[in-house]
Amino acid sequence: RPDGHEIFLGRFRITLTPLEFAVFLYLARNRGRVCPRSEILSSLNTRADETCTRAVDRHAASIRQKIKNTGVDIRSVYGRGYVIEESKSENK
């Protein structure tokens, strides 16, 4: 839901912070494509001093923890960025 900070993945309802939600939404809209940190950062609509590329890493890690076992994962692509995809885990 773009008007709130909750996502629904199957039967799971997950509450995200506003910045986590923005990162997740950007990745979801670009599903299957590796998104560089700088691109994700520029999509966040925040002042440059409020966040940095490492903040993207922290938000991605936090989202990953919240959505584990839902069938969706945020995968790090070393040296390139992040991609959202179906989880390879068996615990869906």
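**A walk through the predicted fold**

Asn69 is placed in the loop between α3 and β3. Helices (H or I, at least four residues) and strands (E, at least two) are DSSP runs, numbered from the N terminus. The phi angle of Asn69 is near 70°, a positive value in a residue other than glycine. Asn69 has a relative accessible area of 34% and is therefore partly exposed; the term buried applies under 20% relative accessible area, exposed over 50%, and partly exposed in between (1.4 Å probe, protein chains only).

This is a predicted model, in which local features need pLDDT of at least 70 and side-chain atom pairs count only at pLDDT 80 or more, while totals for chains, interfaces and linings use all residues. Residues are numbered from 1 along each chain as its sequence is written, and side-chain values use heavy atoms, with hydrogens and water left out. The pLDDT value is the predictor's confidence in each residue, on a scale from 0 to 100. For the protein chain the mean pLDDT is 85, and 84% of the residues reach 70 or more. Confidence is lowest in helix α2 (residues 37-42), with a mean of 89, and highest in strand β3 (residues 72-77), with 94. Where pLDDT is low, the predicted coordinates should not be read in detail.

The protein chain contains 3 helices and 4 strands, and from the N terminus on its elements follow the order β-β-α-α-α-β-β. Of its 92 residues, 38% are buried. The protein chain exposes about 5800 Å², of which carbon and sulfur atoms supply 48%; accessible areas come from the Shrake-Rupley method with a 1.4 Å probe, and for residues only the protein chains shown count as cover. Contact means heavy atoms within 4.5 Å. Among the contacts in the protein chain with a separation of 6 or more, 42% are between residues 24 or more positions apart.

The interior may be considered next. A nonpolar core is a set of buried Ala, Val, Leu, Ile, Met, Phe, Trp, Tyr and Cys residues joined through side-chain atoms within 4.5 Å. The largest such core has 19 residues, and those with the most contacts inside it are Ile7, Phe24, Leu27, Ile67 and Ile74. Two or more residues of this core are given by each of β1 (6-9), α1 (18-29), α3 (53-67), β3 and β4 (81-86).

Phe24 is placed in helix α1 and has a relative accessibility of 8%, so it counts as buried. Apart from its neighbours within four places in sequence, Phe24 is in contact with Ile7, Leu9, Leu16, Ile63, Ile67, Ile74 and Ile84. The C-alpha atoms of Phe24 and Ile84 are separated by 8.3 Å, although the two residues are 60 residues apart along the chain. With neighbours within four places again left aside, Leu27 is in contact with Cys35, Ile40, Ile74, Tyr82 and Ile84.

Ile74 and Ile84 also take part in the pairing of strands: the bridge partner of Ile74 in β4 is Ile84. Two strands pair if DSSP finds at least two bridges between them, and β3 and β4 pair in the antiparallel sense over 6 bridges. These two strands form a hairpin with 3 residues between them, and Gly79 in the turn has a positive phi of about 75°.

Charged residues supply a further set of links. Side chains of opposite charge can pair when their charged atoms come close. A salt bridge is a side-chain nitrogen of Lys or Arg within 4 Å of a carboxyl oxygen of Asp or Glu, and by this rule the count comes to 7 salt bridges. One of these joins Glu20 and Lys66, with the closest N and O atoms 2.7 Å apart. Glu20 lies in helix α1 and Lys66 in helix α3, so this pair ties together parts that are 46 residues apart in sequence. Glu20 is buried, at a relative accessible area of 4%, whereas Lys66 counts as partly exposed at 34% relative accessibility.

Arg13 forms a salt bridge with Glu6, and the closest N and O atoms are 3.5 Å apart. In this pair Arg13 is exposed, with a relative accessible area of 58%, while Glu6 counts as buried at 17% relative accessibility. Arg64 forms a salt bridge with Asp73, where the closest N and O atoms are 4.0 Å apart. Arg64 counts as partly exposed at 27% relative accessibility, and Asp73 is partly exposed with a relative accessible area of 25%.

Finally, Arg37, Arg54 and Asp57 are linked in a network of salt bridges. Asp57 is placed in helix α3 and counts as buried, at 16% relative accessibility. Beyond its neighbours within four places in sequence, Asp57 is in contact with Arg37 and Tyr82.
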